[in-house]
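Thanks for coming, everyone. Let me put the structure up, and then we will walk through it piece by piece.

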Amino acid sequence: YHCPDFHAAMAVMYIEEPLPVIVVLHNAEYQGAISTQNMGKHEAKHFGDIFNLPPERIIQETFIEGKFCMLKPVVDFAREHQEGYGICAVSRNYALEASQKHSVLWGLPEVRGIENCMPESERLVAIDSADEDAYAKSRAVAKRFIQEKFGLTQDPDARLFVFLGRWVKQKGVDYIADVTEWMLRTYKNAQLVMIGPVGDSYGSYARAKFDRLKRSGRFEGSLFVHADFLEVPRELKLACDFCLMPSRDEPFGYVDIEFAWFGAAIVGSLRGGLGKLPGFYFQILNADSSQHMQKALRKSISAAMNATPETLAEMSTSARASTFPVAGWQREVMNVYQLTLSKFYCREADVPEPKTPRVFLSDQAGARGGPQLSHDRHGCLPSLPEFLHQEPSEAEMQVLVDAKLASHNPRCAADIIEQVEWERELSREKGCLTRALGRVVFGAPLIDWIICYSYISGPLVTALALRHTELRDELTSTVARPCVEAAALLAWTLAASLAPPNLLMAAALLARLMPLALPFFDAPAWFVALALGVVGPSDYLFLYYSFMGSSVGDVARLAIRTGFIMAVREQWEPLLVLLTRSPRAVELSLIVQFALLLAILPALSMLQAPKLYKVFRVPGLSLSWMRKLRFLMFFGVAAVLEAFAHTSSAAVLTLRRMQPFDLEWAQAYCFFLAVATAGPMLLLARVLRRFPSYAVVAVKAFACWSLPSTVLQCWAQAEVDRARYLVHELDALIFTSTVVGALAVYAGAVAVLATVGSRWRFVSYACVVGILSHLARAASFMMVDSIFGEGVLEGDISHAFAAQFARRLLIIALPACGSALLFRLLAFAYFEQEATGMLNTQMNRDLVRLAGIGKAPMVSARSTEIDDGSISEASAPRLEMDSAAAPRTTPHLEGPMLLGGKAPRASTSLKRGDDGTPRQQHDLASLPQSEDAQERDGAAAAAAIAVAPHLNFAVAQAKPSVMDRLLRKQRHPGS
């Protein structure tokens with residue numbers, strides 16, 4: 001059974017006898033998924049009525065991470081009956097990206113890329129491609145015809161950009177709309193043609209923005225827009241100079257081939273199947289940032305506009321000579337058939353027992369009460385009540401986006417669509433208080449800021465409760481309480497999958513009244529540890545559900561916000577020291593006020609939260625990410641090891657207040673410490689927002705290379721020798737360790753959120769790491785107590801024996817922190833591969849290394865937009881390659897790369913193929929044979945593979961150390 005994508009994937013749920021199956025994913029983004037709400041038993045019942053399947057089978061076979069997914073049944077079928085083989089995608093690089101990005105494909109042995117083919121009937125056949133003069137004249141005639149037909153200025157030297165396709169988010173059409181005004185204003189000889197139907201809200205945004213530009217009248221003669229289907233004349237492809245394809249994701253891309261076969265160069269992103277033809281490409285370093293994508297697209301446009309006519313002519317020749325043979329595609333499909341058949345029948349031979357009969361809803365009619373739905377044999381679905389949360393129609397979105405654009409000038413589509421969808425969601429609320437809580441303040445709904453406030457204030461509740469107890473360093477507090485916290489965290493997380501979020505958060509807030517009441521009566525040690533251990537982990541709920549009203553927009557912004565509040569929460573310790581000298585009456589008065597501000601009022605707000613905060617329950621804990629996201633696994637292990645080396649960050653500050661240092665101005669000192677910590681965090685947040693292209697470098701640096709602050713704190717305590725001349729050194733260590741620790745927490749949170757790819761996956765990650773961290777803290781204190789003598793944990797460790805205790809704790813901290821740093825470095829190696837905004841595949845990395853040997857001069861440009869390291873890849877020589885995989889070059893730079901430019905000279909001949917069309921071949925045997933020349937020309941040949949990876953390969957005497965390694969990896973990916 002050859003299954004064409006998700007549309008027919010559920011067919012395997014109805015077959016009685018298993019049969020071999022292959023699936024070809026033409027677009028893995030969609031998957032037939034419904035994610036407008038979390039799916040549960042109620043929705044499963046309705047889906048069962050539609051598909052004639054029991055709700056149990058719907059839940060088990062189609063639900064994944066809280067959403068309905070039509071692709072999941074056939075993937076699970078392949079796992080069960082053919083060892084996971086048979087899942088394919090339409091290009092090799094896209095197969096790697098899809099297997100990394102989409103959790104439904106995790107755990108498969110492979111997602112095989114089958115490069116699509118292109119029939120030769122689509123090629124330009126009216127003109128002899130070998131006759132460059134005839135081709136140039138025909139192209140000039142076609143450009144004049146298109147300019148006249150579409151109302152563009154008659155200019156033979158104008159450079160015509162064309163976008164032809166669906167106006168959807170995946171195609172990046174909103175980025176074109178955002179940079180069009182800049183492009184037409186900067187380059188007077190640039191012309192733009194936009195044709196295609198609107199397919200989603202991003203397309204609606206682009207249409208509204210283009211309509212706005214047309215009404216302004218500033219670009220008359222330079223811009224043609226038709227946001228609908230249109231039968232375009234064949235001359236459009238011949239007249240086009242550049243085909244725009246700034247896709248966020250592109251499985252294969254046929255449009256670039258259609259235009260390239262008529263001589264156009266490509267301007268777009270190196271993502272998925274793009275990069276197979278000559279063009280000006282940019283590497284996506286942060287796909288979640290519209291600012292980065294716009295800037296990168298502008299640079300590629302600048303490189304294209306500043307390219308010389310000779311360069312474009314060479315690229316045109318190479319593009320027209322490219323081939324994507326049907327025979328090669330057929331051969332690859334047959335290989336997949338043979339592999340799947342062998343795996344299927346081998347598995348069936350190992351499991352000869354009969355399969356359990358499939359159960360359908362109609363089979364249970366007698367067992368179920370109530371009327372049964374009849375399924376129309378003529379194809380009509382039964383009449384059912386609406387049970388899914390409906391997204392706005394395209395017509396509705398167009399009206400809303402037009403109205404918003406009339407009064408706003410947003411920087412990107414994500415900003416305005418987030419506002420429009422949230423305002424539409426809020427308009428359905430009936431309560432005045434609910435609508436007030438949904439009002440957007442500083443870029444997020446007010447209810448989100450209340451949730452953040454509840455999360456940040458959690459440690460303050462614990463500190464106030466412990467202020468008048470003597471359990472701070474006793475065994476009950478240091479060992480029993482973390483164990484209780486680990487169990488409570490699991491319980492709170494499991495409850496999140498059962499109860500509505502707003503009710504659960506309200507219960508967690510009201511539970512804070514119990515620890516806040518502890519100072520008013522004399523509670524036993526076990527009760528205090530139990531109360532704090534149960535209530536403390538409830539703070540994780542506010543982290544799970546933070547910024548739900550902003551989750552439609554920029555994921556990078558969501559990560560920055562969440563990381564910032566996590567870092568701020570860790571900096572309460574210096575401020576809590578201020579309470580140590582406060583009178584008891586003042587503190588009791590503060591407790592009463594905090595009970596109102598930190599528990600009662602936020603809980604009442606949660607009860608009136610918008611509907612979004614009532615329906616999205618956590619789907620359930622899943623550890624599937626451990627098999628695929630190695631960054632999360634290694635980084636989580638590092639976090640647990642650092643928890644094992646945990647010591648109170650206030651211990652050094654307490655030491656600073658002891659004799660002989662005698663900190664008399666403690667309040668001002670703590671205030672400046674808090675300010676000094678907040679400053680670098682705000683600066684880092686600003687850098688991540690202002691320079692999204694370099695955010696990856698900053699996050700990796702702080703998250704993976706920061707020295708654990710615990711080591712600095714223990715070292716400070718161990719080295720202080722009660723001498724006044726060490727005061728300044730101690731102050732420096734206090735401030736340094738606090739700032740480093742805050743930045744590491746912040747960057748680590750951003751890195752995790754940028755990699756995890758799903759809020760619910762983040763819940764599982766935070767829960768697992770949190771539980772293990774609590775247990776590690778308990779084990780750490782138990783180890784200190786057992787190694788250094790019973791009773792070392794008794795009393796106040798931060799007074800008379802602070803330095804002595806620090807030396808002992810340092811023995812525990814150093815091995816754990818050293819191991820944690822090692823695991824961070826391991827995580828560092830996988831961040832770029834697994835961050836959802838990058839997806840830097842192995843194919844890209846291999847050719848970066850090889851193409852770097854033959855790096856050619858940078859693209860010359862008059863514009864200041866491309867003065868920071870744009871690369872020109874020497875890749876004009878055409879090589880005939882077989883169907884083995886060949887990656888595209890993706891240097892780790894934001895600037896554009898010229899694929900298909902001028903290369904070292906080689907003897908070239910044009911021969912005609914079997915169908916009579918000319919084919920360009922190169923005799924690499926005639927290249928210079930000196931060692932330096934071989935190295936240079938071998939690198940050029942390696943770069944040429946990136947331009948045309950689909951051609952039959954025939955190389956004679958290329959540099960073995962470069963070419964052989966590349967080809968061996970293509971033909972044997974495991975080598």
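Start with Q31. This is a predicted model, so keep that in mind throughout. Is Q31 buried or exposed? Buried: its relative accessibility is 5%, and that is under the 20% cut-off. Q31 sits in the loop between β2 (22–25) and α1. Look at its backbone too. Phi of Q31 is near 65°, a positive value, and the residue is not a glycine.

Go along to the loop between α1 and α2, where you find N52. Here again phi is positive in a residue other than glycine, near 60° for N52.

How do α1 and α2 pack? Their axes are 8 Å apart, at an angle of about 105°. That falls between 65 and 115 degrees, so α1 and α2 are roughly perpendicular. Which residues make the contact? From α1, we have K41, A44, K45, F47 and G48. From α2, the partners are P55, I58 and I59.

Stay on α2 for a moment. E61 is in this helix. Leaving out residues up to four places away in sequence, E61 touches M13, K72, P73 and D76. Take V74 as a distance check. E61 and V74 are 13 residues apart in sequence, and their C-alpha atoms are 9.1 Å apart in space.

Next, the aromatics. How many aromatic pairs does the structure hold? The count is 21. I will show you two.

F47 has a relative accessible area of 4%, so it is buried. F68 is at 2%, so it counts as buried. This pair also belongs to a cluster. F47, F51, F63 and F68 together form one aromatic cluster.

The other pair is F242 with F280. What is the geometry here? The centres lie 6.0 Å apart and the planes are at 75°, so the pair is edge-to-face. Again, distant parts of the chain are linked: F242 is in strand β10 (residues 242–245) and F280 is in strand β12 (residues 279–282), 38 residues apart. F242 is buried, at 0% relative accessible area. F280 is buried as well, at 1%.

Where does the charged end of R123 sit? Over the ring of W261, 4.0 Å from its centre. Then there is K276. It lies over the face of F252, 4.3 Å from the ring centre.

On to cysteines. C346 has 41%, so it counts as partly exposed.

Now a glutamine in a helix. Q294 is part of helix α10 (residues 290–306). Its relative accessible area is 10%, so Q294 is buried. What does Q294 touch, not counting residues up to four places away in sequence? Y175, D178, V179, R411 and C412.

One more helix: α16, residues 446–456. Eight of its 11 residues are buried, so α16 is largely enclosed by the rest of the structure. Which residues are they? I447, D448, I450, I451, C452, S454, Y455 and I456.

Last, zoom out to the whole protein chain. Its secondary structure comes to 39 helices and 18 strands. The chain has 975 residues, and 57% of them count as buried. And the contacts? Take those between residues at least 6 apart in sequence: 79% of them join residues at least 24 apart.

How values were computed. Residues are numbered from 1 along each chain as its sequence is written. This is a predicted model: local features need pLDDT of at least 70, side-chain atom pairs count only at pLDDT 80 or more; totals for chains, interfaces and linings use all residues. Side-chain values use heavy atoms; hydrogens and water are left out. Rings of Phe, Tyr and Trp (its six-membered ring) pair if their centres lie within 6.5 Å; planes under 30 degrees apart count as stacked, over 60 as edge-to-face and the rest as tilted. Buried means under 20% relative accessible area, exposed over 50%, partly exposed in between (1.4 Å probe, protein chains only). Helices (H or I, at least four residues) and strands (E, at least two) are DSSP runs, numbered from the N terminus. A charge sits over a ring if NZ of Lys or CZ of Arg is within 6 Å of the ring centre and within 35 degrees of the ring normal. Contact means heavy atoms within 4.5 Å. Axes are lines fitted to C-alpha atoms, for helices over the stretch in contact, and angles run from 0 to 180 degrees between N-to-C directions. Angles under 35 degrees count as roughly parallel, over 145 as roughly antiparallel, 65 to 115 as roughly perpendicular and the rest as oblique.
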